[in-house]
Amino acid sequence: MLFFALALVFIGVLAILSIGKNLAQISSLLRSDYEYSVTMRDPILQDDYYQFEAGISYSLSRESQTSLNAEILMQTGDSLYTTSVDWNAEQLSKYGVAISDGMARRYGLKLGDLLYSKHIVDGTIHEYTIEQILPEVSNIKSFARNSFSEGLIIMGYDDQYAENIVHTTRVYTKTPIDQLSSSASDMPVNIVYRTDEIAVVVRTLTPYLLAFLLLSIMASYGAVYFTNREVRHNMKRLIMLGFDKESLDSSYFTRIYSVCLPAIAVAFLLSIIAAFISGFSFMEGIYFLIAAVIEIVTVFIAVNGCRKRLWR
Amino acid sequence: MDSVLSIRDVSIQIRNQQLLQNISFDIGEGEVVLLSGANGIGKSSLLKSILRLDNEGKTINGEIIVRGFGDILKLNSAEIQKFRSRIAYVQQRDEYAEMGNIQVKDIISESGQPSSGKMLSTSEVNDLIDEWIPRHHDNRRIFDAKSKPAKFSGGEQRLLSVLSVIATRPNAELLIVDEPLNNLDFINARNISNLINRVIRDNPQMAVLMISHCRIFPFITREIKLTPGGIEEVPGPYTCHSCFGEHDDEGFYK
């Protein structure tokens, strides 16, 4: 039982390490309520961020020559940030930043830690305090310029940047696009629908998800097979001796289930604990639940198949 | 003589291979019949067919009639279990090594439980062992109730297998024994012969069907031989070899 439980936990942890980021992205996208994101010249004063063409970058130390590989957005001075965008940051200070969860975990960053950035306008290196950790953000479509980005950094409003550096505005909204176009001073471009973002993440995720679920199925079948192997000779002896077949069936099921089902339950709990330790997302919980259900169904199917062979 | 077991035109096919064809014979009360024949001719398959064991891929035609049960091939699942609980069957292979921590007590007690309806205690099992198997010269049992058969030698396992059936089902009408002497040394082979002889003498109505390539059983009353052409009665008295020593007038080895 212990070996089976550990195998399932191992598969679960492996799954979270491999697809945890994608699951968290889906969680974040599902919790959001905007319909699409779009690039415009001017802000609409709700759920919008400046994005700069100039190379703003952040590093972990003042002397570091290597910058973090992140998408960078800046809050506008006057916009309202609502819950329509799950990863919206609260109002940040000028030298405050919010970073996405995956990046924080990757570099061991926590609230109050400092990042460093050379200010493009005044030329000095400033310290930026991490004021918020954001949920994992999909960067597959919204920020298509850098598909290898490790996460997102949101800067607090900096008037020097806003006034001196060329920028556009990325807007997250559910206002109909024609209405938005008519009120904007330019044509909105680079429209990305949230459902498309979800679809892209799901497509990325699906092969891994299936592979891990297949592993779970194989582990569950293996557990039934090996437990069956332990008891089958004794069961055959008892059927040969003339014991009541229904009682033997019952004993057989009890034996297999008493090994496999607690192991699945223990593995589920340990996986949830492991996921909490590494930053739990709703979709990770769903994944573990689906995996547990599939494992239980596999056990039920396998145990019936093995039982039929036992009495032949 | 009243037949306990009647095999009527039995044919056995395992997948596409015809193993036995139109075999017929009877065994009456008190008869001890040796079923002989070359390896692979189908002796064990016939014995298993009587108990409807190992039926995967097997087609059995004809009738296997056991007194009190009718045609075994027509019994339903519950009836076949009842039948199995009433006869004594020693299978060819012992698989105790695959049964983990099971004890001699479990083997013996469970063997009797379907017919007697009760489980035996450790001391009852030890009493039964003492009743049926002589101890070593230093008064040790060959095995006791707490022993684990998984650690037994092949011969000890075989002895346990025969003992567990014979000692717990001495009143069965039909005893079927498949190769009782596999892996046995000189002493245990004689012990087994004595075990079977004793149960036959205690229950003279018992019909016995036995397979063995060793001709050391003085109590055999009749021999039938399976051949590629069918089955034939071996004429004349059964010849018992004396390679395991001499037996007394009642067929017991000393």
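**Salt bridges, an interface and a helix pair**

Over all chains, this predicted model holds 27 salt bridges.

Student: How many residues apart are Arg67(B) and Asp2(B), the two partners of one salt bridge?

Tutor: The side chains of Arg67(B) and Asp2(B) meet with a nitrogen-to-oxygen distance of 2.7 Å, which counts as a salt bridge because the limit for such a pair is 4 Å. Arg67(B) lies in the loop between β4 (58-66) and β5 (70-71) of chain B, while Asp2(B) belongs to the segment before β1 (3-14) of chain B. The pair therefore links distant parts of the chain, and the separation is 65 residues.

Student: Which residues form a salt bridge between chain B and chain A?

Tutor: Side chains of opposite charge can pair when their charged atoms come close. Between chain B and chain A the count is one salt bridge.

Student: Which element gives the most residues to the side of chain B that touches chain A?

Tutor: The contact takes 22 residues from chain B and 13 residues from chain A, and across this interface four residue pairs are in polar contact. On the side of chain B that touches chain A, the elements giving two or more residues are α2 (77-86) and α3 (104-116) of chain B. With six residues, the element that gives the most is α3(B).

Student: Which three residues supply more than any other three of the area that chain B buries against chain A?

Tutor: The area buried between chain B and chain A is about 1,600 Å², and carbon and sulfur atoms give 57% of this area. Of the part that chain B buries against chain A, 31% comes from three residues, more than from any other three. These residues are Glu56(B), Gln81(B) and Met99(B).

Student: Within chain A, is the crossing of α1(A) and α6(A) left-handed or right-handed?

Tutor: Helix α1 (residues 2-31) of chain A packs against helix α6 (residues 245-277) of chain A at an angle of about 35 degrees, and their axes are 8 Å apart. For α1(A) and α6(A), the crossing is right-handed.

Student: How many nonpolar residues does the contact of α1(A) with α6(A) have?

Tutor: From α1(A), the residues in this contact include Phe4(A), Leu8(A) and Val13(A), and from α6(A) they include Ile264(A), Ala267(A) and Leu270(A). Sorted by class, the contact has no charged residues and two polar ones, and the number of nonpolar residues is twelve.

Note on methods
Residues numbered from 1 in each chain as written. Chains lettered and ligands numbered in written order. Predicted model: local features only at pLDDT ≥ 70, side-chain atom pairs only at ≥ 80, totals over all residues. Heavy atoms only, no water. Axes fitted to C-alpha atoms, helices over the stretch in contact; angles between N-to-C directions. Helix = DSSP H or I, 4+ residues; strand = E, 2+ residues; numbered from the N terminus. Left-handed = near helix turned anticlockwise from the far one by under 90°. Contact = heavy atoms within 4.5 Å. Nonpolar A, V, L, I, M, F, W, Y, C, P; charged D, E, K, R; others polar. Buried area = accessible area lost by both parts, 1.4 Å probe. Polar contact = N/O pair within 3.5 Å; in protein donor to acceptor, adjacent residues only side chain to side chain.
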